[in-house]
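Open your viewer and keep the selection tool at hand. This tour goes stop by stop.

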Amino acid sequence: MLKLIGGCMAVAGAVGAGIRVCMDRRRRIAQLTALEKAFSLIAGEISYSRACLPEILTETGQRLRESFEGAVGFGGAVREDTAFLLGNALGQVGRRLEDGSGQDMQRIWTEEMGEYLSRTAINRREKGLVLSFPDTVYFLDGLRQEAAVREFADRMGEAAASAKLSHKQENRITMAFCIALSLMAVIVLW
């Protein structure tokens, strides 16, 4: 009886670990998609309003947060979704740029977005890409700035599309490996 319970626990643990890995991949795709959307919104605001960057970042952060304000999770708590957390980070960057402290964009962006990125599932290369954003918006000409931000949004979109393409195949391999591992554990325990 104990062997049967141990075998069931081994199978459940290995399958659970595989499911968690698959969920992290899905989370990464959602985060890359949210980043693409955010940078597209920033490019649109540069094109449409010609406002200053701190105002654009604050507005974009607010729009992302508002899109999830009505989302309620278990027990009535507000769900902290990917776009909601990104909206908070962008809003904080915009507020800090406007507060008159004299800190430069690169430092504020690295601190605020670095904290957001530390809670994401995106890889190191993609994090480096996001952290390099201030280098793309140094143009004074609005058209060049918009083009640079749109290119940046396209690069985030390409990363999301690449992750989506490999998502299903990697999940199949992960689940097959976890099931095989759990069966091997059952055989060893038996």
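Is Cys178 buried or exposed? Select Cys178: this residue is buried, with a relative accessible area of 9%. Buried means under 20% relative accessible area, exposed over 50%, and partly exposed in between (1.4 Å probe, protein chains only).

A word on the model: it is predicted, so local features need pLDDT of at least 70 and side-chain atom pairs count only at pLDDT 80 or more, while totals for chains, interfaces and linings use all residues. Residues are numbered from 1 along each chain as its sequence is written, and side-chain values use heavy atoms, without hydrogens and water.

The structure holds zero disulfides (cysteine sulfur pairs within 2.5 Å).

Next, select helix H5, residues 124-131. Helices are DSSP runs (H or I, at least four residues), numbered from the N terminus. Glu126, Leu129 and Val130 are the buried residues of H5. They span an arc of only 95° around the axis, which puts them on the same side of H5; the arc is taken from the directions from the helix axis to the C-beta atoms. Turn to the other side: Arg124 and Arg125 are exposed there.

Last stop: Phe39 and Trp109. They form a tilted aromatic pair, 6.3 Å centre to centre, with 45° between the planes. Rings of Phe, Tyr and Trp (its six-membered ring) pair if their centres lie within 6.5 Å; planes under 30 degrees apart count as stacked, over 60 as edge-to-face, the rest as tilted. Both Phe39 and Trp109 are buried.

Key:
Helices (H or I, at least four residues) and strands (E, at least two) are DSSP runs, numbered from the N terminus.
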